[in-house]
Amino acid sequence: MAEPVTEGKPQQYSESDKRPSVDPGSVTASETVDLETNTVNEKSLLLKLDIRLLPAVGILYLLSFLDRSNVGNARIEGLASDLGMTGNQYLTGLTLYFIGYVIFEIPCNIVLKRTTPRFWLPTLTILWGIVATLLGIVQNLTGFFIARFFLGVAESGLFPGVVYYFSMWYKRRERQFRISLFFGAAALAGSFGGILAYGIGFMRGTVWEHGWRWIFILEGVATVLVAVGAYWFIYNYPDTAEFLSDKERKFIHARLASDSDATHDERFTWDNVLRAIKDPKCWLYGLSFHTMSLPLYTFSLFLPSIINALGYRAATAQLLTIPPYAFAFLTTLTVATVSERLHQRAIFIIGSAILAIIGYIMLLTNKDPIARPGLSYAGTFFAAGGIYPATALALSWPAINVSGQTKRAVANAMQISIGNLGAVLGTQLYRSGDGPRYIVGHSFALGYLAGNVIVSSLLYFILSRENKRRDGVAPEVEEVGHLKDWDGDEDPRWRFQYYR
């Protein structure tokens, strides 16, 4: 372990500390030679990894977001009236989902760390697919509440688990772009949800009077079928991935060792769990998502109701949800690409949040949405176009800045848990009698987005200041995978990424 740095007498590191020594006879030395002589085409290998990894986990997340947000589509297809919902009971069902989600995120990532992605991620998907299907046959409010809670429990491990999973395959500066692409599946889920709900809506009268049950049943069954196949198309880690040659495995090992701790054989310990919990920066990463989760989930859960309240019929409202989500998918990919090329992160989070703020200002200032539905509908484009890219970038903070495998797994789960507390609040804001302006809900979303601008700016300042402090203590080291005395991101040789 590296010796702790004290206030009065900082530990001194020589320039040689930047170049960790490697035993020439070791596997690591061999891998370093591979990396230096380019015996493997790095661009082709990255493309190979992207093709094998991103579509697989992206499909699972698309299904996850679809199964959690299709309740908004089901609501305008007769869910509330059939289950006898009154007042804000529908909102209570939404809240229960996020309570289950928040409680089980950290435990789920601990299970992932102690098992394997190939086992854990498909198993979670099967579980929530079954619960999502059962939502289609609930007969009363109690059944709806129970199913929503356990849907949240089952889905809680996917997103933080995949973010951790990426950290075991990609270098630090490659993760943010992949996380953004992965999160783009959420926007696609919104578009698909609208298309599917529109088509499934025509099944009203088949077995049941209304078509909302078929939305849950058909989409839930599809999730289970895909999840069964996922046991074969989800891979574990580079050391065991069947699609890699031995030379490619060594090359990936060398790449990761030159950049992160992913090649360390780190044992699970509760002390490393506590390291994340005690780190104030991990809480700020959580707050950065917290300020985005409220607008994210209120938008995805209530967009059909918001558009329906503008005077459109249910079927038309389902179709009108598609373009804002398609726009969000495009802005997410565009911002992720430009952010990656310019090596800028914080400024794009702030800029995207401001774009979403403009959208909510348009929604709030339209005093007669039914007479002028176009203005409010245009506002949903600005909101979606800013919320999704800002959220994708905010979610990459711990993946690129937390070192220590267990600490990073816990930090990722903490971020989602803290973040989704905002969603818990958000589910209570769009009350049944507030339409069509939804002043309370839109105002909270706008305020939270402004809060994200503040938190992102604060994180930028804190990480920048800490990097400058460490510059005076020890030179930066990137080849942490070769170090025997690595102490995670608390080591003064580690540098945080906030703009590069």
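Before looking at helix packing, I noted that axes are lines fitted to C-alpha atoms, for helices over the stretch in contact, and that angles run from 0 to 180 degrees between N-to-C directions. I am working with a predicted model, in which local features need pLDDT of at least 70, side-chain atom pairs count only at pLDDT 80 or more, and totals for chains, interfaces and linings use all residues. Residues are numbered from 1 along each chain as its sequence is written, and side-chain values use heavy atoms, with hydrogens and water left out.

**Entry 1: overall**

I looked up the secondary structure and found 18 helices and 0 strands. Helices (H or I, at least four residues) and strands (E, at least two) are DSSP runs, numbered from the N terminus. Of the 500 residues, 60% count as buried; buried means under 20% relative accessible area, exposed over 50%, and partly exposed in between, with a 1.4 Å probe and protein chains only. I put the accessible surface at about 19100 Å², with 64% of it belonging to carbon and sulfur atoms. These areas come from the Shrake-Rupley method with a 1.4 Å probe, and for residues only the protein chains shown count as cover. Among contacts (heavy atoms within 4.5 Å) between residues at least 6 apart in sequence, 82% join residues at least 24 apart.

**Entry 2: α11 against α15**

I checked how helix α11 (residues 280-308) packs with α15: the angle is about 145° and the axes are 10 Å apart. The crossing of α11 and α15 is left-handed, the term for a near helix turned anticlockwise from the far one by less than a right angle, with right-handed for clockwise. On the α11 side the contact includes Ser288, Phe289 and Met292, and on the α15 side it includes Tyr377, Ala384 and Tyr388.

**Entry 3: Ser288 and Val455**

Which residues does Ser288 touch beyond its neighbours within four places in sequence? I found Ala394, Trp397, Gln415, Asn452, Val455 and Leu459. Ser288 counts as buried because its relative accessibility is 1%. Val455 lies in helix α18 (residues 439-471) and is buried too, at 8% relative accessible area. Val455 and Ser288 are 167 residues apart in sequence, yet 5.9 Å apart in space, C-alpha to C-alpha. Not counting residues up to four places away, Val455 also touches Leu284, Leu287 and Thr291.

**Entry 4: aromatic pairs**

Rings of Phe, Tyr and Trp (its six-membered ring) pair if their centres lie within 6.5 Å; planes under 30 degrees apart count as stacked, over 60 as edge-to-face and the rest as tilted. By this rule I have 32 aromatic pairs. The rings of Tyr198 and Phe202 have centres 5.2 Å apart and planes at 90°, so I list the pair as edge-to-face. Tyr198 is partly exposed at 30%, while Phe202 is exposed at 55%. Tyr325 and Tyr388 are also edge-to-face, at 6.2 Å centre to centre and 80° between the planes. This pair links distant parts of the chain, from α13 (residues 322-342) to α15 (residues 373-394), 63 residues apart. Both Tyr325 and Tyr388 are buried.

**Entry 5: Gly488**

I found Gly488 in the segment after α18, buried at 7% relative accessibility.
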